[in-house]
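Dear colleague,

Please find below the structure that I am handing over to you. My notes on it follow directly after.

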Amino acid sequence: FAVGKTDIRPEFGNNPAELAKVRRMIEQVRSEQGVTITGIDITGYASPEGSLASNQRLSEGRALSLLNYLRNRYSELPRELYHIYFGGEDWVKLVKASDMPDKEPVLAIIEHVGILEGRERRLMDLYGGVPYRYMLREMFPSLRRVLCRVNYAVKNFDVEEAKEVIKTRPQNLSLNEMYTVANPYEPGTQEFNDIFETAVRLYPNDPTAQVNAAVAALGRGDTVSAARY
């Protein structure tokens with residue numbers, strides 16, 4: 001978003017690519033077999049120029065702008081799927097993660113001076129405003145944004161459906177559904193091993209997936225992989 005603006009300009013900055021990502025995300029979920037969108041969360045943010053109240057209004061307006069943008073393109077999606085959140089200013093974590101000049105004095109002001117106690121003025125006065133101008137140039141533009149998250153539910157697949165889903169979107173299957181697909185194959189066959197490898201790749205911290213993958217690896221004489229699992 002431009003400074004102080006809430007309207008979405010599709011050609012502004014990197015908006016063409018970012019808006020395409022959002023549309024692609026929604027369209028991908030909508031097109032997948034057995035997947036239903038359960039919610040679209042939109043969170044608006046602002047950079048810290050201006051007052052806290054003004055930035056709150058900007059973050060709210062930006063979130064609503066993306067909501068309207070998406071509703072115009074996906075009018076068939078129910079209004080109640082959309083949930084609006086207001087993130088306000090979230091620039092402090094950028095400073096903490098950066099290697100900006102004079103980072104420590106900046107963080108000291110952030111940590112000890114409240115937003116309503118003149119924090120921004122103190123930052124603007126620090127070292128003649130050099131650190132503030134750096135943040136204004138290098139950090140603040142990326143804060144004028146909205147984040148979008150699509151929540152979805154995946155149906156329970158029967159065996160025949162799961163056989164097809166595992167070929168293209170295995171992440172939509174539960175472990176039990178993967179194992180039902182593996183059951184008809186002889187242990188040690190390529191098909192059997194591939195399913196257990198897929199299961200442990202998608203559920204790397206699941207003990208059952210680890211044990212099954214280890215057993216499959218031992219069956220083909222791969223002791224290195226078995227030990228890793």
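In what follows, helices (H or I, at least four residues) and strands (E, at least two) are DSSP runs, numbered from the N terminus. On that basis Asp102 is found in the loop between α3 (92-97) and α4. The model is a predicted one, in which local features need pLDDT of at least 70 and side-chain atom pairs count only at pLDDT 80 or more, while totals for chains, interfaces and linings use all residues. Residues are numbered from 1 along each chain as its sequence is written, and side-chain values use heavy atoms, with hydrogens and water left out.

Asp102 has a phi near 60 degrees, a positive value in a residue other than glycine. With a relative accessible area of 32%, Asp102 is partly exposed; buried means under 20% relative accessible area, exposed over 50%, and partly exposed in between (1.4 Å probe, protein chains only). Tyr127 also has a positive phi, near 50 degrees, and is likewise not a glycine. Tyr127 is placed in the loop between α5 and α6 (130-138), and its relative accessibility of 48% makes it partly exposed.

Helix packing

Two packed helices are described by the angle between their axes and the distance between the axes. Here the axes are lines fitted to C-alpha atoms, for helices over the stretch in contact, and angles run from 0 to 180 degrees between N-to-C directions. The axes of α8 (residues 159-168) and α9 (residues 175-182) come within 9 Å and cross at roughly 100 degrees. This makes α8 roughly perpendicular to α9, given that angles under 35 degrees count as roughly parallel, over 145 as roughly antiparallel, 65 to 115 as roughly perpendicular and the rest as oblique. On the α8 side the contact (heavy atoms within 4.5 Å) is made by Val159, Ala162, Lys163 and Ile166, and on the α9 side by Glu177, Met178, Thr180 and Val181.

Helix α9 also packs with α10, at an angle of about 170 degrees and with the axes 9 Å apart. The two are therefore roughly antiparallel. Leu175, Met178, Tyr179, Val181 and Ala182 of α9 meet Phe192, Ile195, Phe196, Ala199 and Leu202 of α10.

Salt bridges

A salt bridge is taken as a side-chain nitrogen of Lys or Arg within 4 Å of a carboxyl oxygen of Asp or Glu. By this rule the count comes to 11 salt bridges. One of them joins Arg30 and Glu76, with the closest N and O atoms 2.5 Å apart. Arg30 lies in helix α1 (residues 15-31) and Glu76 in the loop between α2 (52-73) and β2 (82-89), so the pair ties together parts that are 46 residues apart in sequence. Arg30 is partly exposed at 36% relative accessibility, and Glu76 is partly exposed at 46%.

Arg220 and Glu197 form another salt bridge, with their closest N and O atoms 2.7 Å apart. This pair links distant parts of the chain, 23 residues apart: Arg220 is in the loop between α11 (207-219) and α12 (223-228), and Glu197 is in helix α10 (residues 190-202). Relative accessibility is 37% for Arg220, which is partly exposed, and 25% for Glu197, which is also partly exposed. Together with Asp222, Glu197 and Arg220 are linked in a network of salt bridges.

Within helix α5, Asp125 and Arg121 lie four residues apart, about one turn of the helix. Their side chains meet in a salt bridge (3.5 Å, N to O). Arg121 is partly exposed, at 49% relative accessibility.

Thr43 is found in strand β1 (residues 35-46) and is buried, with a relative accessible area of 16%. Beyond its neighbours within four places in sequence, Thr43 is in contact with Ala63, Tyr85, Phe86, Gly87, Arg145, Val146 and Leu147. Thr43 and Met178, which are 135 residues apart in sequence, are 35 Å apart in space, C-alpha to C-alpha.

Pro10 lies in the segment before α1 and is partly exposed, with a relative accessible area of 36%. Leaving aside neighbours within four places in sequence, Pro10 is in contact with Asn15, Pro16 and Leu19.

Yours sincerely
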